[in-house]
Amino acid sequence: MKASLRWIKEFVDLPTNDAEVVAGVLSDLGIEVEGIERREASFSGVVVARVLAIKPHPAADKVRIATLDDGGEPIDVVCGAWNFGEGATVAYARVGAVLPGGITIGKKPVRGVMSPGMICSEIEMDLGEEKGGILVLPDGYAAPGTDFAGTLPYPDAIFDLSITPNRPDAMSIHGLARELGAFYELPVRIPTAVFSEEGATAARVIIEEPERCTRFTAREVRGVQVGPSPLWMRLRLRDAGVRPISNVVDVTNYVMLELGQPLHAFDLDRITDETIVVRLARAGEPLTTLDGVARSLSAEDLVIAGVDEPLGLAGIMGGGDSEVSAATTRVLIEVAHFEPTRVLLSGKRHGLRTEAVSRFERGVDPELPPAASARAASLMVEVAGGGVVGGFVDAHPRPHQSVEIALPVSEAGRLLGADIAGAEQAGYLRRLGFAVEGGNPLQVVVPSFRPDVTRPADLIEEIARLHGYDNFPSRLVSGQGGGLGPLQNMLRMARMAMVGAGFFEILSFDFIAARSLEGLRLAPDDPRSRPIRLRNPLNEEQEFLRTTLLPGLLDGLRRNVQRNRPDVALFEVGSVFLRGEGVLPEQPRHLAFAATGARRGRSGGDYEAGDAAGVAEVLLTALGHQATIVQAAVPGLHPGRAAFLEVDGRRIGSVGEIDPLVAAAWDLENRVVVGEFDLASLEAPAPAPFIMPSAYPPVVFDLAFDLAEEVAAAALLATVGAAAGPFLESLAIFDVFRGEPLGPGRKSVAVRLAFRAPDRTMVDGELGPIRRAISSRVTDDLGGRLRGG
Amino acid sequence: MIPREDLRAHASAILYRIGAAATVAEVDRLQDEALGESSPITAARRSLREATPDQKRALGAIVNEVTTTLADALAARRSVLAEEERIVRLAAERVDMTLPGYRPERGAAHLVMQVWDEIVDIFTGIGYTVAAGPEVETAYYNFDALNTPATHPARLESDTLYVDYGDDPEGVLLRTQTSPVQARWMESHQPPVHIIVPGRVYRRDAVDATHTPVFHQMEALAVGEDITFADLRGTLAYFMDQFFGKHTRQRFLPNFFPFTEPSAEMHVSCHRCDGSGCRTCGNRGWIELLGCGVVDPNVLEAAGYDAGRVSGWAFGVGIDRLAMIRHDIPELRFFFDADLRVLEQFR
């Protein structure tokens with residue numbers, strides 16, 4: 001909302017003219033000032049002048065010569081406009097005047113006649129958009145020779161305000177003045193409404209929906225002459241961001257800005273039987289609103305209707321049929337009160353966020369309609385002529401009940417942490433328009449313009465606002481301890497481990513396209529193939545909730561590769577969403593990674609299957625678990641380069657290279673390694689037991705086995721380990737080779753074993769049986785043969 | 001019997017050659033020549049066995065003197081040459097240490113997650129518990145339990161992403177705030193409560209400079225007896241100073257939120273210019289940072305707390321926004337782009 005400082009000052013005598021200071025006070029009161037726009041006349045040297053005589057130009061019939069009284073000797077000026085006659089009061093730019101855009105007015109011949117200066121139009125002075133000729137001022141506007149700029153309501157400061165949804169009262173100049181008056185402890189003036197009534201109106205109002213329209217007033221003004229509003233009113237409206245239309249319509253907008261009460265003017269001659277019905281629309285009922293849009297109404301919409309047709313959307317926008325036009329002479333001023341939420345919902349439904357909606361949705365003062373109607377009638381007669389007709393209609397099916405609140409004096413201290421005496425609290429509330437009686441509790445009556453205040457806590461906020469939020473003490477109190485939970489801790493450690501392993505963390509949206517899941521080539525019965533849909537997705541790319549983190553990571557790889565960053569290693573921790581039994585889906589926290597191209601740094605080499613397993617092992621080790629890699633065919637992964645990851649016999653995820661077809665779906669040409677784990681399913685590791693290091697030397701020896709290609713390294717290690725007995729200290733593969741003298745489909749795997757007894761040096765004689773036991777176990781279980789043994 | 005003059009001549013010849021020796025190996029050869037089995041000195045020593053006592057006295061002294069002189073000279077020369085050789089050998093092993101080192105190169109945590117972790121550490125350091133809850137949430141916890149009227153516009157399909165799950169079309173949604181976790185926590189815990197809730201939240205916003213449909217929020221909640229607006233002010237002052245790593249000032253301006261009353265918006269003095277005005281704060285000196293307030297009694301009552309006895313405060317802040325402000329990042333979309341050129345900047 002835009003608000004003029006000068007306008008505000010018509011309501012309250014502020015102790016300052018400094019807009020910055022006023023803006024600071026408004027902000028401290030909770031009315032956010034988003035900007036201040038300075039306004040002043042953008043011209044100089046223009047004076048008020050009277051047209052003494054008009055004569056034709058000797059050489060041109062499109063222009064005339066006007067003799068002006070500008071306070072000195074009469075001056076002849078050539079003028080091309082025809083919208084004025086002798087006696088008119090005009091704005092005259094003297095020689096030397098500067099108009100907007102820096103145009104300096106000189107003395108120049110127009111078709112052979114010297115013209116010292118010119119008579120100005122609104123556009124030339126940047127005061128409006130009226131194109132029908134020069135600006136004609138009202139008779140007696142000011143004495144000839146008066147500086148015209150000085151008669152304008154400038155300089156001024158226009159505040160651009162953001163009003164919170166709970167403050168309908170602040171949506172007006174009067175309301176802002178009231179807040180400032182409360183702050184400065186100054187009285188606030190209310191604009192006058194002076195008129196006499198004649199006759200009695202025939203207008204009738206029928207309210208069919210009293211819950212949604214609790215009050216409807218109607219007042220007739222007869223004999224108006226529709227035309228442009230006076231300059232001062234047009235400038236006010238323009239500075240408030242409202243386009244001037246005609247004097248009658250402008251008055252309704254002016255009063256709305258001034259008092260915060262939306263109003264509407266009907267052409268009474270266009271309302272059948274002069275009868276207004278406030279009713280629900282019939283589903284599909286047509287209405288063309290003032291913006292020219294033909295709308296189909298819903299049965300939820302409230303309309304202001306004539307006997308048959310809807311005339312307007314209640315509280316939102318009028319209709320074209322009953323619009324005030326140049327021919328209108330009888331006006332019906334509607335000032336009503338509507339239930340806020342329904343106005344808001346109707347407005348949203350029709351995509352209309354008018355000035356009226358922004359006020360009604362907050363809840364306009366229910367006691368305001370009579371005063372606003374009177375003010376509008378008075379102004380209308382002033383600027384459009386005519387007279388007010390008697391018989392003010394005030395249909396008021398649901399009178400306002402004022403709210404009373406008992407406020408214990410201790411409440412302020414309990415909630416705000418500062419001792420504010422009861423009398424001081426009462427003082428703050430009174431300044432804001434609340435009636436306060438009693439000592440403790442304070443008996444507070446809420447003014448009708450503050451529908452947001454219904455409870456003690458709301459009064460506490462009012463007290464705090466006037467006390468000043470920054471005038472409360474500041475205290476730091478610690479909690480009872482707690483910190484991160486086990487899962488949160490583990491997720492953080494897991495992230496740090498991934499960072500240490502060279503991966504960059506990313507954040508991606510939780511949404512995926514159906515296409516992405518298809519690209520992953522999951523099995524049809526995989527739960528990840530049945531994603532949960534959003535009811536109102538933003539677009540097709542974001543239609544489903546992710547069931548795996550891989551699409552986001554693969555998208556990330558692709559984007560980097562496309563940006564000429566072919567070596568990428570990314571990971572993400574986030575939720576995936578799977579169908580479950582409960583009210584809400586299953587939402588396990590996953591960690592997943594994806595990498596392609598060269599490993600970073602000088603160690604070189606491209607990411608390949610071994611990295612996937614290695615990263616998984618590093619990660620699980622960091623979390624205090626030991627990972628078991630189980631070679632397997634995993635859907636979506638390379639058939640020969642994939643594995644499940646098990647911890648304590650439970651599968652927690654999978655690792656490997658993605659299937660080249662999946663890579664192709666993401667335009668990735670190099671090998672891509674991935675892994676995805678459900679870390680939340682891990683149990684916290686038991687505290688590790690201490691093993692006393694032996695004081696005796698180890699015995700170390702190597703064994704090489706001739707094995708079939710299919711025998712997994714893990715199987716060999718498990719078999720050897722199981723057969724090696726209790727003194728095996730370490731066991732590792734140190735060489736794998738294929739070729740002569742091995743047969744086709746065979747490989748040699750060499751392991752290094754270290755044995756150590758806790759209590760003695762082991763002797764050679766003990767090792768023979770162990771070696772034989774290992775050899776025969778490998779032969780029996782794996783079909784392998786000890787080489788050179 | 002070897003004449004003593006010969007012994008001396010032998011010794012001085014060898015001494016000269018020791019001085020000229022260029023390698024440790026040469027010194028070793030000279031050692032053999034000077035004092036070895038076939039050297040004149042060893043021969044002289046051997047001849048002493050058959051010598052007369054007088055001869056023994058005269059020759060023995062010379063043999064010992066020459067032996068000692070030679071042995072000392074050999075040792076000294078060997079030591080010098082060994083050091084020289086060591087220096088040459090190590091010099092040959094020179095490596096250009098300015099080449100990129102062999103290292104397991106680190107990746108990086110995402111900046112938003114770094115900020116997330118920092119905030120968690122700040123608050124766990126003063127005794128807060130980190131609470132979490134589901135991202136797909138019921139409308140009850142996201143709205144009803146938080147004093148949001150059934151007709152509140154935030155519930156509209158234009159603002160909230162609803163999830164096709166279960167029978168009620170408006171029953172399950174992507175949470176629009178982390179506040180439902182507060183409601184869940186209060187349901188299962190009695191005061192005093194001191195929690196923070198970092199988490200992902202969702203709005204039905206298309207991507208632009210300052211909006212993404214997914215973003216990150218952190219809420220804090222303290223409830224108990226004698227918890228007031230003053231505690232909110234003190235806690236936020238501590239949080240800001242810790243987060244920006246310097247002393248900051250705060251301003252609290254009245255505002256409106258459904259779940260707090262009184263409600264405030266906190267502005268913090270600009271960490272870059274300390275309030276004098278710069279690009280970061282748009283020349284205002286202050287940065288509008290977060291919403292906060294005293295917990296609305298309806299929220300406490302919905303949780304089953306006695307709002308007449310306990311009170312509390314809450315605030316919510318955008319984690320992404322904090323990161324943007326502290327690091328001068330112009331657009332939110334950089335956080336969701338997985339762009340290595342950005343990710344690498346925040347190690």
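# Chat about a predicted chain

User: In helix α4 of chain A, how many residues are buried?
Analyst: Seven of the nine residues in α4 (residues 231-239) of chain A are buried, so the helix is mostly covered. Buried means under 20% relative accessible area, exposed means over 50%, and partly exposed is in between (1.4 Å probe, protein chains only). Helices (H or I, at least four residues) and strands (E, at least two) are DSSP runs, numbered from the N terminus.

User: Which ones are buried in α4(A)?
Analyst: They are Leu231(A), Met233(A), Arg234(A), Leu235(A), Arg236(A), Leu237(A) and Asp239(A). After α4(A) comes Gly241(A), which has a positive phi near 85 degrees.

User: OK, zooming out. How many helices and strands does chain A have?
Analyst: Chain A has 18 helices and 41 strands. Of its 789 residues, 52% are buried.

User: And what's the radius of gyration of chain A?
Analyst: Chain A has 42 Å, whereas a compact globule of 789 residues would be near 28 Å. That radius is taken over C-alpha atoms, and the globule rule is 2.2 Å times the number of residues to the power 0.38. Along the principal axes, the C-alpha atoms of chain A fill a box of roughly 135 × 80 × 55 Å.

User: How far apart in space are Val655(A) and Gly318(A)?
Analyst: They are 65 Å apart, C-alpha to C-alpha, and 337 residues apart in sequence. Val655(A) is in strand β36 (residues 650-658), and at 2% relative accessibility Val655(A) counts as buried.

User: Switching to charges. How many salt bridges are there over all chains?
Analyst: A search of the whole structure finds 88. A salt bridge here is a side-chain nitrogen of Lys or Arg within 4 Å of a carboxyl oxygen of Asp or Glu. Side chains of opposite charge can pair when their charged atoms come close.

User: Which residue does Asp13(A) meet in a salt bridge?
Analyst: Asp13(A) meets Arg189(A), at 3.1 Å from N to O. Asp13(A) is in the loop between α1 (5-11) and α2 (19-28), and Arg189(A) is in the loop between α3 (173-184) and β13 (197-198), so the pair ties together parts that are 176 residues apart in sequence. Arg189(A) is partly exposed, at 39% relative accessibility.

User: What about Asp169(A), which residue does it form a salt bridge with?
Analyst: Its partner is Arg450(A), with the closest N and O atoms 3.7 Å apart. Asp169(A) is in the loop between β12 (156-162) and α3, and Arg450(A) is in the loop between β28 (442-445) and α11 (456-467), so this pair ties together parts that are 281 residues apart in sequence.

User: Are Asp169(A) and Arg450(A) buried or exposed?
Analyst: Both are buried.

User: How does the salt bridge of Glu285(A) and Arg282(A) look?
Analyst: Their side chains meet at 3.3 Å, N to O. Glu285(A) is buried at 9% relative accessible area, whereas Arg282(A) is partly exposed at 49%. Elsewhere, salt bridges that share partners join Arg167(A), Asp169(A), Glu179(A), Arg450(A), Asp452(A), Glu462(A) and Arg465(A) into one network.

User: What is the phi of Asp273(A)?
Analyst: Asp273(A) has a positive phi of about 60 degrees, although it is not a glycine. Asp273(A) sits in the loop between β16 (264-267) and β17 (275-280) and is exposed, at 59% relative accessible area.

Terms used: Residues are numbered from 1 along each chain as its sequence is written. Chains are lettered from A and ligands numbered from 1 in the order in which they are written. This is a predicted model: local features need pLDDT of at least 70, side-chain atom pairs count only at pLDDT 80 or more; totals for chains, interfaces and linings use all residues. Side-chain values use heavy atoms; hydrogens and water are left out.
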